[in-house]
Each structure stands twice: as structure tokens, then as C-alpha cells.
Amino acid sequence: MRVALEQARDAGRYGEVPVGAVIVLGGFIIGEGYNQPIGACDASAHAEIVALRDAGRRVKNYRLTGATLYVTIEPCQMCVGAMIHARIARVVYGTRELKAGAIESAMRAHEHPSLNHRMLATGGVLEGECREIIQAFFKDRREAERKSESPP
């Protein structure tokens, strides 16, 4: 999760919402990614998707059977769907995403009865650090917006 936090910080440095992800298989990181929908002009370029693409290229297979995906924020429905297709065995996330989290907050997408793959989920890993990085980002953004709206 610490490597995922480093990835999240990279996202923040590029003006992206600071979310980072890594994929581990057999004790080795096989994929890394951070949010980059703004820079990539790609709505699907969430940290998890970027990490899945990176891992797939590295292992030359879109199926990542047995892998664990670590991500700083609870994944959305799109990302959960991609993890299911990739056959991720387990997702570990830092802090909840109350509005769009698809593991426990807004829905439990990984438990839908029609799915042909089951994925374990663990939340709350380094939760304070994961929450702090995202809260600080949005606090700074709100302050910058207030300053730009203020008359000179």
C-alpha cells in the first residue's frame, strides 16, 4: 500500500485526483498506476485501470489470476468490473469512497450473483494516510478556487 501511496502522490503532482494502485503477484509488483484521466484525456484512466494495463503488458496476459490489487481509495464500479474480468483474486484498499465506492460504500459490485468470478476485498489498510492525501488535495483545490473567485 505504501507504493500505491507513492503513486497517488505522483497523480497529485500532475494535478490529477491522487489515487494510486499497484498489483502484486507472487510477492512482486507486476503493475503500477495512478489516476490520469485529465492528462490522458481518457475517462477510464483510473489508477486501477492503469495498473491493470501495466500488469497485463508485463505478464503478456489480461488475466491476472491470483494477483492482489492495492489501491488507496475504494474502487468504483468500472474498476471493480475490470478487476473481475482480469480475475484479480483480492483487492485491498485504503479508505472508503462514500459516493461511488463499489466494494462497500455505494454498492457491493464484486458480490453480484451473476458474476462468474469472486474477488476478496479488504478495506481500511493505511486508511488514515490514504484519507489524508485525498482530503488535502481537495482542500487545496477548494482554497485555490476561492482565491481565483475573489475580487482583486
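Arginine 96 is partly exposed at 38% relative accessibility, where partly exposed lies between buried (under 20% relative accessible area) and exposed (over 50%), computed with a 1.4 Å probe on protein chains only. Its side chain meets that of glutamate 104 in a salt bridge, at 3.7 Å from N to O; a salt bridge here is a side-chain nitrogen of Lys or Arg within 4 Å of a carboxyl oxygen of Asp or Glu. Glutamate 104 is likewise partly exposed, with a relative accessible area of 33%.

The model is predicted, so local features need pLDDT of at least 70 and side-chain atom pairs count only at pLDDT 80 or more, while totals for chains, interfaces and linings use all residues. Residues are numbered from 1 along each chain as its sequence is written, and side-chain values use heavy atoms, with hydrogens and water left out.

**Salt bridges**

- The count of salt bridges comes to 9.
- In general, side chains of opposite charge can pair when their charged atoms come close.
- Aspartate 54 pairs with arginine 58, with the closest N and O atoms 3.1 Å apart.
- Both of these residues, aspartate 54 and arginine 58, belong to helix 3 (residues 47-59) and are 4 residues apart, about one turn of the helix; helices are DSSP runs of H or I with at least four residues, strands are runs of E with at least two, and both are numbered from the N terminus.
- Aspartate 54 is buried at 14% relative accessibility, whereas arginine 58 is partly exposed at 45%.
- Lysine 139 and glutamate 143 form a salt bridge at 3.9 Å, N to O, and both lie in helix 5 (residues 127-149), 4 residues apart.
- Lysine 139 is partly exposed at 46% relative accessibility, and glutamate 143 is partly exposed at 30%.
- Through shared partners, salt bridges join Glu32, Asp54 and Arg58 into one network.

**Helix 1**

- Helix 1 (residues 2-13) has 12 residues, which at 1.5 Å a residue should span 16 Å, and its end C-alpha atoms agree at 17 Å apart; the expected span is 1.5 Å times one less than the number of residues.
- The residues Ala4, Leu5, Gln7, Ala8 and Ala11 of helix 1 are buried.
- Seen down the axis, the buried residues of helix 1 fall within an arc of 155°, so they line one face of the helix; the arc is taken from the directions from the helix axis to the C-beta atoms.
- The cover over these buried residues includes strand 1 (20-25), strand 2 (28-34), strand 3 (68-73) and helix 5, with contact meaning heavy atoms within 4.5 Å.
- Glycine 15, whose phi is positive, near 80°, follows helix 1.
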